[in-house]
Amino acid sequence: MSKELAASGLDAQYKPSWDELAIQWKDKIVRSGAMLYIAFAILIIFFGLMSPVFFSTGNLANVLRQTALVSIMAVGMTFVIVSGEFDLSVGSNLALSGVTAAMVIGATGVWYVGALAGISAGAGIGLVNGILTTKLRIPSFLITLGSLSIARGIAMVWTETHAVLIDDDAFFAVFGDGHVLGLSASIAWTIGVVLLGGVVLHLSVFGRKVFATGGNPQAARYSGIRVDRIKIASLVIVGALAGLAGLVLAARSHAARPDVAAGLELDVITAVILGGAALSGGRGTMQGAIIGSLIIGILNNGLVLIGIDPSVQLALKGLIIWVSVTLSRR
């Protein structure tokens, strides 16, 4: 209609209807990604009204500590999903990395050697996932599904399904009980990983190659990008960060168990998808992934605070995630 008015010279007199203005504002909100933040704010307000404890300093700090593992791995998973791949093995990788670190600390008595071994074990699993995915041309979904079982099985065989106790105060201080500028070690590690991951993904040449690889692999190859190397590197990054998450959990628990973090990979992937990443690759933001992680953490925390039965929590959590994803895509 505006074109017809412009042709007749009457466009200056045209005023859009309220419905047209609403559609225009809706499009602006969707393009800006604001729906994710609106959903985030609604959850905060809802649980804040339902529970007087929710906004307490102790509870908010507890939410950040609870989401540390998901947030750390979500940073790596963002690289993987943006590059067009998946990693279903991060939960098992976390468990195996924690067990590796605990056993090495017990054998050597040197906490940083154990920490390096744990992160290396995680990165090693990511490297194997990347090589098998790119060289055998097998979907990463299937490769990492196998790695999920293999890593968990190795952890259980090594420990005979028992927890491996850790007795090293320095390790606890660096990854668990210590504080940096008033923040607990797990929160400090999360902030550091998020900031570094954001800089690498959004401001570096490597990050631009990750987006190009996931957006159009064929065009990326023609432009000289070594697509396979980018995919392998992304899977190594998420593997190493799963190893770091394993250290954080082991330090927090003062022990490493082979059965921890079962199913945590679903929360990590959900956080990244909630944050706006495209399942087909080529799109995603680090800040979106972290907001998605916080949404999951707030759901877990808030449902407990308002006394929802655990058997109902799972269904409600899935329903709210459905709604959040729908709103973020509309």
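Me: Which helix holds Trp158?
Reply: This is a predicted model, in which local features need pLDDT of at least 70, side-chain atom pairs count only at pLDDT 80 or more, and totals for chains, interfaces and linings use all residues. Residues are numbered from 1 along each chain as its sequence is written, and side-chain values use heavy atoms, with hydrogens and water left out. Helices (H or I, at least four residues) and strands (E, at least two) are DSSP runs, numbered from the N terminus. Trp158 lies in helix 7.

Me: Is Trp158 buried, partly exposed or exposed?
Reply: Buried means under 20% relative accessible area, exposed over 50%, and partly exposed in between (1.4 Å probe, protein chains only). Trp158 has 47% relative accessibility, so it counts as partly exposed.

Me: Which helix gives the most to the nonpolar patch?
Reply: Patches are made of residues with over 30% relative accessible area and no salt bridge; like charges are joined within 9 Å, nonpolar side chains (Val, Leu, Ile, Met, Phe, Trp, Tyr) within 5 Å. A salt bridge is a side-chain nitrogen of Lys or Arg within 4 Å of a carboxyl oxygen of Asp or Glu. Met103, Ile150, Ile154, Val157 and Trp158 make a nonpolar surface patch of about 490 Å². Four residues come from the helix that gives the most, helix 7 (residues 140-159).

Me: How far apart are the end C-alpha atoms of helix 12?
Reply: The expected span of a helix is 1.5 Å times one less than its number of residues. Helix 12 (residues 227-253) has 27 residues, so it should span 39 Å, and this agrees with its end C-alpha atoms, which are apart by 39 Å.

Me: How many residues of helix 12 are buried, and which residue just after it takes a positive phi?
Reply: Helix 12 is mostly covered, with 20 of its 27 residues buried. The positive phi, about 60°, belongs to His254.

Me: Why is helix 13 described as largely enclosed, and which residue with positive phi follows it?
Reply: Nine of the 11 residues of helix 13 (residues 264-274) are buried, so the rest of the structure largely encloses it. Among them are Leu264, Glu265 and Asp267. The residue that follows helix 13, with a positive phi near 105°, is Gly276.

Me: Over which residues does pLDDT stay under 50?
Reply: pLDDT is the predictor's confidence in each residue, from 0 to 100. The protein averages 88, and 87% of the residues score at least 70. The stretch under 50 is residues 1-12.

Key. Contact means heavy atoms within 4.5 Å. Accessible areas come from the Shrake-Rupley method with a 1.4 Å probe; for residues, only the protein chains shown count as cover.
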